[in-house]
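Take the sequence and the structure together, and follow the paragraphs below from one site to the next.

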Amino acid sequence: MKKLIFVLLLFSLFSCHRSSFSDESSASESALEYDSDQTWANNASGEEAKSEDAVPGFSNAEGDIADSTFKSWKRTQKTANTATLFIGDEEQLPLKGSQIAVQVDGFRARVLIDCFFENDKDWQLEGTFKMKLPQGASPYYFAFGETVYIDKQGKEQELPFVKAGESAFTEESIEDMRSDSWTAPKVARVVAKEKAAFAYGNTVRKRIDPALAEWAGADVYNCRVFPLMPNKLHRIVIGYDVNLTAVGEDWVFPLDLPETKAPLIVDVSVAQLKDVLSTINPPQDVQLKNGQQTFRLTNPIEKEITIRHQKTANIALKSPIEGDKPAFFAASISPEIPAVQQTAISDQAILALDISLSSHPDKFNVWLKLAEALLQNNKGTIKQFNVLMFNIESFWWKEGWVENTPEQVRAFLAFANTLALEGASDLNHALASISHAKWANGSKNIFLLSDGADSWGESDSYAMVQQIAAGDRLFAYNTGMSGSSIQKLTQLTRATGGALFAVTSEAEVAQASSAFTTQAWKIDQISLAGAKDILIAGRPAYLYAGQKLMITGRGSVEKSAKIQLMLSQNGVKKELNIPFHSIIESDLTSRIYGQIATETLEEFDYATEKKSIAYAKHFGVPGKSCSLLMLETEEDYQEYNITSTEDAYVVNSTTVTGILADVMKEMKSMLSSAKSNFTQWLNRISHMDGISFDIPASMEMLVEKTPEAAFRVEQLSLSCKSISQKDLSPAYLKVLSDPELDYDQVNQEAQNRLKSYGSHDALKALSSLVEKNPGNSVLARDVAYAALDWGLDEQAYFLFKRVLSSRPYEPQTYLAIAKALDEAGKKELALLYYEIALQGSWQPRFGEFKRIATLDYLHFLSQLKTQASFLHADYAQSRYQSLQGDMKETTADLMMVISWNTDNTDVDLHVIEPTGEECFYSHPKTKIGGSLTQDVTQGYGPEMYILPKAKAGKYQVKVKYFSSDRNRTATRTKVYATIYQNWGKENESVRTQVVSLADKQEMHDILTIEVE
């Protein structure tokens, strides 16, 4: 009997889409105005920028009142603290209400969101969140459980909101405040990402209720919860920390409010700063108690609440003194250094313009404003320029250098405003395209107009750095908008001697556009009396005039303390001693240190992986190395050996600066080696959960004999015909503007382009799904299978690699990578991935994977064993013979293999033979010799039909989506089928087919084979 399975639902929590701010007073000045008939700002939702009048705000310590006026970038789409719980692809569970609590301490804020959802169905469901957070936000709390209404004697029921003035933000206090209405809430723990994903998947299959929140790229977390019980109200509580936005000498915190008809409560508390004016827009009735300024909003009509600390250039936080607990500090400083113009600077510039879907339309407007300012404000420096546009393809505006004249600038802006903003972002290929441009020889400045959140192609930052030509400097810009990968931008700019400049408002564009012309000061040393392990966020090597630094470390901060900076420039030494304008005691301090420490260690990948995980777990920082995992009981955590007893020891007995000193000595050259990365990956999976993998001596020798070049896979250059808005229908442009990108409409667009333009254009359309849902392994597999089907093998390889990084215990991915590499001509690397698939011991739920993989591998080896040009031809010959001896099948007239992209999903292979007999899971053997492998009921496959001697006639090949999953109302599953005729013979032929399954119990025809 078929088992019930679980498929994911989609829940989207978009919190605090961070805006940028300007001190200008004119709404028309703050908007990014180009030709209104062409600009993307008017082609999307049509929302106009709102002009806000000056209003009185918080009183300062002396009781004065101040005005605060500022403008944000013109935004046509606004993502607020809105919670949506999807059950399937379109249907939603009703949001009954929400509550947002905010604590602002200086330049740091903590946000806690309560969401109340009712499962109004008569069956339990599984939910999957997608949380989009403000730039740099770090989730620290995630919990859910059933809750109750407070019944007023049969009258209307009320939601159990936290009372005014009782908001608290620590784990214990969060649960205490909700103890009378929250039934046995389950709280997530920070766990190493592969262990978390493995434990979650196993637990769901046991029908127990876990949850998982995973880092999926810049400011994006995918979160899953199970079960959502029928006809019950569920409370989901999510908390995150985030830095305020620096605007000149001010700090600004924008709190977007959800547009909802459901009840909404907002509680805000702001620590009072000495001699600092803090304002609130729009004005509120503020209560002052114990140094905290508080207010509450009930069902507010405002779309945004903005808090602003004026003229707080240098501010520090320190952790409270609690017994023998270690002390930490965190500070933001604005060093005052002279802006000295560079005397030797390249007069050639390349602008790399991101035209992916994530730029649509707000960021794109900022990039155009920056591009215009860069060219117009630096005519004396930038004599020639060109622009590279990129999403999953890269193409030049012109072939060769263009003179920087007003006419050429206007021509470029006019061209840019015609472009269609869609597809995923391949930053690595864009950088490679710049270095490969033969006409762009010599040193040049590269201005990256992108958020750095690459969702396509090679993702390793060290590999990207290798793409930048020696002598080139790369500059990038932080707009403060959500979705930016500041860590990636920092790594790229630091490695080239460039810089990351802040452009948090239009008022800062002019200064930022010319900041690259000033001489940078090298940061030689930083110190603070009584402190150690001092870290600068992003590890900048150079300091430019006007740049801010975020600094943290171990130790306390005294009132008279000063940060000492030792700088140098062209042999000139400079010492800066920077006092603090304000010092605040804050519970948020230690986690600032933990977040910066963890992100610093994560930059060095496997070289610091174990220590990254220890720091992340100790300070509760999910991200690149760790996820938030929620299991049912303590016994469940112990089953997967999830403990944290040794993490405090690791943190207390090491320093991040000490760890980095060792890494830089021993690992710097290895981090940029693809071969070293592969070797380290082998070592990692040999001790991962869900895998039993001992590296055999033969494989170690294969890796050693394989040259570095064999491990590097170059992304295929795509050339698309549909690049402008006029190439797309108005209806599809509207689809791209929808915050919830419709799968069916995108898929249909891809099929239309496949017919009209070809596979490159079709893949670009599909890649928008990946851009919109970074880290979603189901969609990544989906699009990767389409790429394989269309012969775009390198594209498929990189997608499967991203899946592998988060799901290394699923053997089908290794097999899919091997096939993609084989088709791409990377035979040596393909052989190694085949070996991993065969040498590993996998979970029983994957059926007869090894048998099917062996037959696939034999097909691969049969092509290579006689090719003298193949580096491992001798090994291929001997391996072919040994594997063939182990198999009862050496040849077959027909062989068919299917696999699919969704876990916990049952897809069945059906073959109707010429006799009319049907071979399928309940009838796996036929009279003429056809046989079917073990039925895989829990996802991915593979399943195989094999017929040694085929009877003449027609063979109908079908797949059936057999799923009685109650936990989801709809699903998307894509099946990849490989059909061999005369397998193992000289006249062997192979073909592939991809089919999409949309409806349960639906039978799909793959093809009909005629055997003569």
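How many nonpolar, polar and charged residues are in the lining of the second largest pocket? By class, that lining has 17 nonpolar, eight polar and twelve charged residues, where Ala, Val, Leu, Ile, Met, Phe, Trp, Tyr, Cys and Pro count as nonpolar, Asp, Glu, Lys and Arg as charged, and the others, Gly among them, as polar. This is a predicted model, in which local features need pLDDT of at least 70 and side-chain atom pairs count only at pLDDT 80 or more, while totals for chains, interfaces and linings use all residues. Residues are numbered from 1 along each chain as its sequence is written, and side-chain values use heavy atoms, with hydrogens and water left out.

Two peptide bonds in loops can be looked at next. A cis peptide bond, with omega of about -5°, joins Asn281 and Pro282, and Pro282 has its place in the loop between β20 (278-281) and β21 (287-289); strands here are DSSP runs of E with at least two residues, numbered from the N terminus. Another cis bond, with omega of about 0°, joins Gly941 and Pro942, the latter in the loop between β44 (931-932) and β45 (943-947).

Finally, consider the backbone angle phi. Asn290, although it is not a glycine, has a positive phi of about 55°, and Asn290 is found in the loop between β21 and β22 (292-298). Asn290 counts as exposed because its relative accessibility is 73%, exposed meaning over 50% relative accessible area, buried under 20% and partly exposed in between (1.4 Å probe, protein chains only). Arg539, also other than glycine, has a positive phi near 50°, and Arg539 counts as partly exposed, at 24% relative accessibility.

Terms used:
Helix = DSSP H or I, 4+ residues; strand = E, 2+ residues; numbered from the N terminus.
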